[in-house]
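Subject: Structure handover

Hello,

Here is the structure you are taking over. My notes on what was found in it follow below.

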Amino acid sequence: MPSTKDSAASRPRRGEAARWQTAVDVLRLVRRQPGITRAAAAQTLRLSSSSATEVTTRLRQLHLVEETVAATTGRGRPTGALRANPDGPTVAVVNIRHEDFQIAVVDLDGTIVETHQGRHTGDDPAGLIARLRTDLREVRDDYGFRLRAVSIVVAGTVSSGRLVQASTLDWHDVDLGALDDGHQPRLPILMGNDATLAGVAEARRGSGRDSRTMLYLTIEVGVGGVLIDNGVPAAGATGAGGEFGHLPFGDRDLACPCGARGCWDLEVDGRAMARHRGDRPPHDPRSYAVEAMTRADGDPATTAAVRRCATAFGSGVAGLVNALDPDTVVLGGLAPQLRQLFPDAVAEGFDSGLMVFRRASPPPLLATSLGAQAAVLGAAEVAFDAILTATGLAEWAAQP
């Protein structure tokens, strides 16, 4: 994964690094808990009142936080409420989907401040990368030094910083790091699976934010997901973890584009709905699934097909709960709609698939609260994790 090398001029010395690390801790806390008071931040991080004042003043001067007078709850001096400064650092998120792409700019407080989309055919990854590189250069021209990293979202398997397989696009071993345009200073380029990144966002800012261990599952073209523990994804040894859709929960006679047989993917998405209706495999399984679910109330064949997928989804969720023991399950993509249409079918598959001791108190199944932008927000979270370091803040402070 390409990254910006620290320059000798911007790398803080030991004492200065300690002060910057305290500033990093405060800034990360403010991002997690917008509006936290200076006093509460000091207590959480075990800082003295004077240290908290010094650090927040420094962050304010660098346009990294804003401080407003918090509402008073008793006697004593009023304390400041802290929020991330919207004029601070930004990251660019490139979201590569089945038939289109999105480039979004996200600021320090997690707001998507700019976005644009385009379409692609999927048969020319090199051409798409060249197009995205041009678009990113324009974003960099607009934001200048404020743009600190590029974070790539892709509906595929990411391992060791490369896209090793995107079965729905028929892409294999694509170097998305080529989005680096070579301009100085070089920006870190990060990348991750769309479901994994959406799970990060839901765990930190969405429906799973009060959970310690959260399982995120989404239906798009197939099933993706991730297990999040204390806000950190369990991505495996090479970053390719969470490919739940390729567990052999399905018909072993069915070959998946990933190369395996019997994948759960093939039992729950638009391909399964088409197969159960006797239709040809759809070119765009997601669009097919959306249309099938809108017709599920009126057409008996479609109703039976979608219901069958709902049962298969619930059953697979139970298997993962048995194996991973989450305290919450968050559903994204088309999964909430599928469950809303056939709650009894999802419940039937889920309840019957749970181990007996789990049935009295199963983890709740919650719908996403971040919706379609969850993956973008998760990619931004991961990018800010990478740049909000002592060295990163020192580089920000040294800007012209």
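Cys 263 is buried, at a relative accessible area of 1%. The model is a predicted one, and it holds zero disulfides. Cys 263 takes part in no disulfide, and its nearest cysteine sulfur, that of Cys 258, is 3.8 Å away. The cut-off for a disulfide is a pair of cysteine sulfur atoms within 2.5 Å. Like Cys 263, Cys 256 is buried, with a relative accessible area of 6%.

Next, the largest pocket. It holds about 890 Å³ of space. Its lining is made up of 38 residues, and those closest to the centre are Arg 97, Ala 155, Asp 194, Glu 220 and Val 221. Sorted by class, the lining has 16 polar, 12 nonpolar and 10 charged residues. Several helices and strands each supply at least two lining residues, among them the strands β3 (90-96), β8 (162-166), β11 (213-220) and β12 (222-229).

Which residues of α3 are buried? They are Ala 52, Val 55, Thr 56 and Leu 59. These four cover an arc of only 95° around the axis, and therefore sit on the same side of α3. Ser 50, Glu 54 and Gln 61, on the other side of α3, are exposed.

Last, some backbone angles to look at. Arg 46 is not a glycine, yet its phi is positive, at about 60°. Arg 46 is found in the loop between α2 (38-45) and α3, and its relative accessibility of 78% makes it exposed. After α3 comes His 63, which has a positive phi near 60°. Asn 230 is another residue other than glycine with a positive phi, here near 55°. Asn 230 belongs to the loop between β12 and β13 (232-233). Is Asn 230 buried or exposed? With a relative accessible area of 54%, Asn 230 is exposed.

Regards

Definitions and conventions: Residues are numbered from 1 along each chain as its sequence is written. This is a predicted model: local features need pLDDT of at least 70, side-chain atom pairs count only at pLDDT 80 or more; totals for chains, interfaces and linings use all residues. Side-chain values use heavy atoms; hydrogens and water are left out. Buried means under 20% relative accessible area, exposed over 50%, partly exposed in between (1.4 Å probe, protein chains only). The arc is that of the directions from the helix axis to the C-beta atoms. On a 1 Å grid over the protein atoms alone, a cavity is a set of points where a 1.4 Å probe fits but cannot get out, and a pocket is an open set with protein on both sides within 12 Å along at least five of seven lines; lining residues have an atom within 4 Å of a point. Grid points are joined across faces, edges and corners, and a volume is the space filled by probe spheres set on the points. Ala, Val, Leu, Ile, Met, Phe, Trp, Tyr, Cys and Pro count as nonpolar, Asp, Glu, Lys and Arg as charged, and the others, Gly among them, as polar.
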